[in-house]
Amino acid sequence: MTTTFALLLAWVAIHLVMALGAAYLATTRRGGREYGTYALLCFSMAVYCSGSAWLSNVGSVRESGAAQALQVAGAWCAFGSIVHFACAVSGLPLPRLERTSTVMTVIGVILVAAGVYFDPATPTEGAPLLPVEPPPYQAATVRWAMLDRIPIAIVLVLTARHTMLAARALGPSIAIGASIVVGLAWLLEATERLMMRPTSFVTEHAAAVASVLLGFGLTRRFVDAERELDRQNRELRRAYDELRQMQHELVRKEQLAAVGELSAVIAHEIRNPLAILKTAVAGLRKVALDDENRGTLLGILDEETDRLN
């Protein structure tokens with residue numbers, strides 16, 4: 001087992017773990033579309049790195065063609081996942097463009113499965129890292145398949161604004177770092193191809209590092225969202241406590257107001273009989289008072305006394 005093969009298998013395992021973690025967050029969190037699309041991206045990168053690992057350890061052109069076909073299938077899936085991921089993170093969905101990228105991905109995978117890109121049907125020993133030479137009758141089909149770069153480029157250009165917004169949401173430093181890593185790796189691999197040297201799979205490693213950086217940005221976004229949610233919960237709890245305290249104070253004030261009104265009514269009900277009693281007693285003290293008026297006043301005293309009782 002070569003070092004390159006082991007490293008690529010390690011990237012496969014890392015991407016599968018990240019895909020499972022993102023899928024869990026997508027199913028447990030409300031509005032977890034960005035985690036779901038990132039899970040698809042990680043799974044696509046796992047497929048791509050699997051093809052690269054296979055390609056680094058092949059022993060025939062036939063295996064090389066099958067390994068490169070697996071690579072291309074993973075690249076197609078990664079393309080569709082990136083479009084959906086950018087739209088999900090940016091918060092600005094593009095339904096038509098997303099459907100277009102999905103259809104393109106499905107067609108690309110079907111073409112790969114049909115052997116349009118690479119035809120490993122005829123085993124030939126030698127040159128294990130070079131693309132499979134197709135039979136003459138399939139040469140035109142393979143050239144047509146290479147035109148897929150044009151619609152892919154168009155879709156990526158149309159999603160450039162969403163990609164920039166997603167980069168801003170995940171962190172400009174992470175997006176710039178991922179772009180620089182992939183760009184330098186692509187230049188290095190292009191140089192290797194121009195010099196007819198065996199590939200060092202640096203682009204695969206760089207793409208894997210870039211997807212990990214995106215995962216780090218997504219994790220940081222998740223942590224920031226959790227902190228913001230926790231802060232809002234604390235503010236809501238504090239506001240609820242203040243509202244409950246105000247409610248208690250308001251109830252207490254209403255109770256005191258009711259007690260005051262009741263006291264006023266009771267005082268009024270006591271004052272009136274006392275005033276009548278006082279008036280009746282003052283009348284009884286008069287010397288010149290006949291028996292009829294005296295009886296009337298004594299009746300008033302009895303009545304008001306009963307009323308107070």
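## Burial and exposure

A residue is called buried when its relative accessible area is under 20%, exposed when that area is over 50%, and partly exposed in between. R231 has a relative accessibility of 33%, so R231 counts as partly exposed. The structure discussed here is a predicted model.

Across the chain of 309 residues, 34% count as buried. The chain exposes about 19200 Å², and 66% of this area is supplied by carbon and sulfur atoms.

## Overall fold

What kinds of secondary structure does the chain contain, helices or strands? There are 10 helices and zero strands. Reading along the sequence therefore gives the pattern α-α-α-α-α-α-α-α-α-α.

Contacts also link residues that stand apart in the sequence. Among the contacts with a separation of 6 or more, 73% are made by residues 24 or more positions apart.

## Cysteines

How many disulfides does the chain have? The count comes to zero. A disulfide would require a pair of cysteine sulfur atoms within 2.5 Å.

C42 has a relative accessible area of 0% and is buried. C87, at 1% relative accessibility, also counts as buried. Both values are to be read against the limit for burial, which is under 20%.

Which residues make the nonpolar surface patch of about 400 Å²? The patch is made by I176, I180, L184 and L187.

One of these residues, I180, is found in helix 8, which spans residues 172-194. The relative accessible area of I180 is 47%, so this residue is partly exposed.

A search of the whole structure finds five salt bridges. Three of them are described here, beginning with the pair R231 and E228. The closest N and O atoms of R231 and E228 are 2.3 Å apart, and the cut-off for a salt bridge is 4 Å. Why can these two residues be described as about one helical turn apart? R231 and E228 are three residues apart in helix 9 (residues 202-284), and therefore about one helical turn separates them. E228 is partly exposed, with a relative accessible area of 32%, and R231 is partly exposed at 33%.

The side chains of R234 and D230 also meet in a salt bridge, with a distance of 2.3 Å from N to O. These residues are four residues apart in helix 9, so they too are separated by about one helical turn. R234 counts as partly exposed at 43% relative accessibility, and D230 counts as partly exposed at 39%.

## A further pair and a network

A salt bridge also joins D241 and R244, where the distance from N to O is 3.4 Å. D241 and R244 lie three residues apart in helix 9, which means that about one helical turn separates them. At 34% relative accessibility, D241 counts as partly exposed. R244 counts as partly exposed as well, at 38%.

Technical notes. Residues are numbered from 1 along each chain as its sequence is written. This is a predicted model: local features need pLDDT of at least 70, side-chain atom pairs count only at pLDDT 80 or more; totals for chains, interfaces and linings use all residues. Side-chain values use heavy atoms; hydrogens and water are left out. Buried means under 20% relative accessible area, exposed over 50%, partly exposed in between (1.4 Å probe, protein chains only). Contact means heavy atoms within 4.5 Å. Accessible areas come from the Shrake-Rupley method with a 1.4 Å probe; for residues, only the protein chains shown count as cover. Patches are made of residues with over 30% relative accessible area and no salt bridge: like charges are joined within 9 Å, nonpolar side chains (Val, Leu, Ile, Met, Phe, Trp, Tyr) within 5 Å.
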